[in-house]
Amino acid sequence: MVRRAYRARPRRRRRVNDDQVREALREAFRTFSLPRMMPMLHPVPKPDRFEAITINGGRSRLCSVCRELIPTTAEGSFQFTYPDGRVFTFHDRCEQLWQEERHQVRR
Ligand SMILES: [Zn+2]
């Protein structure tokens, strides 16, 4: 699986490139491990103070796309929380690529 290939790499610097992130996104869409919808578009009543999108969220967690750590000082990271309880975290760049890829037609 894709995840294992990344982990096997000992590099510590800037992690995965855009192509690898896009590939991980396509795989995640294929296997439904990542949603294509923004959390606030789900037509479900939300609990009080439910925060669907947290800007600068997900710090010190693993990115749901590239599986690398999101630094505690990261700027522009996101946490998406879905009404069904699923939580996804994104690097700034990984979220941008998610936005692009989720609109691509399935192949
Ligand atoms: Zn990432």
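**Figure 1. Ser-60 lies in the loop between E1 and strand E2 (78-81).** The model shown here and in the other views is predicted. Phi of Ser-60 is near 65 degrees, a positive value although the residue is not glycine. Most residues other than glycine have a negative phi. Is Ser-60 buried or exposed? Ser-60 counts as exposed, because 11 C-beta neighbours are found inside 10 Å and the cut-off for exposed is 12 or fewer.

**Figure 2. Phe-32 sits in the loop between helix H2 (18-30) and strand E1 (53-55).** Phe-32 is not a glycine, yet its phi is positive, at about 60 degrees. Phe-32 has 8 other C-beta atoms within 10 Å and is therefore exposed.

**Figure 3. Three strands form an open sheet in the order E1-E2-E3.** The pairing in this sheet is antiparallel. Which strands stand at the edges? E1 and strand E3 (87-90) do; each has a single partner strand, so one side of each is left without a neighbour in the sheet. Neighbouring strands of the sheet are turned against each other by 15 degrees on average, with direction ignored.

**Figure 4. E1 pairs with E2 in the antiparallel sense.** The pairing of E1 and E2 extends over 3 bridges. Within this pair, Thr-54 stands opposite Gln-79 in E2. The loop between E1 and E2 is the one that holds Ser-60.

**Figure 5. E2 and E3 form a hairpin.** How many residues lie between E2 and E3? There are 5 residues between them, and Gly-85 in the turn has a positive phi of about 100 degrees. E2 and E3 run antiparallel and are joined by 4 bridges. Thr-81 has Val-87 in E3 as its bridge partner.

Figure 6. From the N terminus on, the elements follow the order α-α-β-β-β-α. The chain has 107 residues, and buried residues make up 22% of them. Among contacts in the chain with a separation of 6 or more, 53% are between residues 24 or more positions apart.

Methods:
Residues are numbered from 1 along each chain as its sequence is written. This is a predicted model: local features need pLDDT of at least 70, side-chain atom pairs count only at pLDDT 80 or more; totals for chains, interfaces and linings use all residues. Helices (H or I, at least four residues) and strands (E, at least two) are DSSP runs, numbered from the N terminus. A residue is buried if 20 or more other C-beta atoms lie within 10 Å of its own, exposed if 12 or fewer, and partly exposed in between; C-beta atoms are placed from the backbone. Two residues are in contact if their C-beta atoms, placed from the backbone, lie within 7 Å. Two strands pair if DSSP finds at least two bridges between them. Axes are lines fitted to C-alpha atoms, for helices over the stretch in contact, and angles run from 0 to 180 degrees between N-to-C directions.
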